[in-house]
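The entries record what I looked up.

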Amino acid sequence: MLFQGILIECFQKINQERTTSSVYNLLIGKKAIQTIQDARFYHIADYYGIYPDLTKTDYYQQLQQLLERNYLLADDEQRLQITKKGQAWLTANKTTLAGFYGSTYKNMIEPFKQRFLLFIQTFTNIAKNEYRFIPITDNHEIEQFVKGFYKQYKHRSIVLLQQLYKELEHTLSMLSDLEASMFVDRLTSFSSYGSSLQQLSQDYQQSIPDCYLTLQKVFYHLLYVQEHGEEYSMLKLFAKNLGTADTPLSQTAQFTRRLLKKQHTFEEIMQIRRLKANTIQDHFVEIAMHEEAFPFFDYLDSTIYEEIKEVVHKKQTYRLKEIKNNVHPDISYFQIRLALVLYNK
């Protein structure tokens, strides 16, 4: 029930303040500023982008099951709330949901995973003098990475495999037997093809979404331990240069940021970029989320900020409309959004 447990926790934390589609957007890692804000404001960033291939059909099927089993309940506006049964499940199983680092490794997880899997397939075949096999990925960049790796270390292939085995033995011992064994069954090596999600689902009597997320959780674990431990030389190689060149800002927001850094005013940026005010405001909010030195009080004086903050405390809400209805009419949605970013810094 891993996937459904994640859904229960997400709907508990957003507390009927967002629609069902907001959680779907979170799980697939939609790059919309609203989704990124939701992840941060409601403290569900660990689940951001953990299931990029999730279809809406599968998502709503899982929600329907939770509704039918009384873990979730829909209100008059079709917003979902957690039931006592759902809360009891969450309390008893909270630890099983730990271990995802979606927002932290959003730019790293997929290339890390593919590098890792293709390395094992390639080097186990080469160690057996088998040079003809069908790669498990056709991603050119991943293939080039492993080819470069092979050219540099081809005379040490056995040593590298032994080192990786040692690292995996240690890291997998920190996980449950289910997580470790499912992960191993997924690996493709010499004369052994990794199990498909369908096969894993049958073998472990788990749903396909649960199998997928269990594997994702293991890869997040590998990324975490290589970052925080010095003894994982092989895992560190698979993570090398991943994410370091990526900026959390969208490309269009980067352009706006450069103009902002050159001291252009809001109106000047609108003219230069030939974009509507709402679009530039979106960029400003996005920039504010990622920059410690953003000049919040150029657009939001302290009195307005304190008024917004008081409403957030009193009403216990991040819903923009709810806040807008309870502050001075002259306070704009843009100022509220900036205030919420500052509030969550």
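The entries below go from the core to helices and then to single residues.

**Entry 1, ground rules.** I am working with a predicted model, in which local features need pLDDT of at least 70, side-chain atom pairs count only at pLDDT 80 or more, and totals for chains, interfaces and linings use all residues. Residues are numbered from 1 along each chain as its sequence is written, and side-chain values use heavy atoms, with hydrogens and water left out.

I looked up the largest nonpolar core, which has 108 residues. A nonpolar core is a set of buried Ala, Val, Leu, Ile, Met, Phe, Trp, Tyr and Cys residues joined through side-chain atoms within 4.5 Å. Buried means under 20% relative accessible area, exposed over 50%, and partly exposed in between (1.4 Å probe, protein chains only). L27 and F116 touch the most other members of this core. Helix 11 (residues 208–228) gives the most to this core, with 10 residues. Helices (H or I, at least four residues) and strands (E, at least two) are DSSP runs, numbered from the N terminus. I then listed the contacts of F116, where contact means heavy atoms within 4.5 Å. With neighbours within four places in sequence left aside, F116 is in contact with L164, L168, F183, L187, F219, L222, L235 and F238.

I checked how helix 9 (residues 177–186) sits against helix 11: the axes come within 9 Å and cross at roughly 95 degrees. Helix 9 is therefore roughly perpendicular to helix 11. Axes are lines fitted to C-alpha atoms, for helices over the stretch in contact, and angles run from 0 to 180 degrees between N-to-C directions. Angles under 35 degrees count as roughly parallel, over 145 as roughly antiparallel, 65 to 115 as roughly perpendicular and the rest as oblique. From helix 9, E179, M182, F183 and R186 meet C211, T214, L215, K217, V218, F219 and L222 of helix 11.

Which residues of helix 5 (residues 84–93) are buried? I found G86, W89 and L90. These residues lie on the same side of helix 5, because they cover an arc of only 100 degrees around the axis. The arc is that of the directions from the helix axis to the C-beta atoms. K84, T91 and A92 are exposed on the other side of helix 5. The buried residues of helix 5 pack against helix 1 (2–14) and strand 2 (80–82).

I looked up E9, which is found in helix 1. E9 counts as buried at 4% relative accessibility. Not counting residues up to four places away in sequence, E9 touches Y47, L90, K94 and L97.

L26 lies in helix 2 and is buried, with a relative accessible area of 2%. Leaving aside neighbours within four places in sequence, L26 is in contact with C10, T35, A39, I44, Y47, Y48 and G49.

Lastly I checked backbone angles. Q16 is not a glycine but has a positive phi of about 65 degrees, and Q16 lies in the loop between helix 1 and helix 2 (20–28). Q263, also a residue other than glycine, has a positive phi near 70 degrees. Q263 lies in the loop between helix 13 (251–261) and helix 14 (266–273) and is exposed, with a relative accessible area of 67%.
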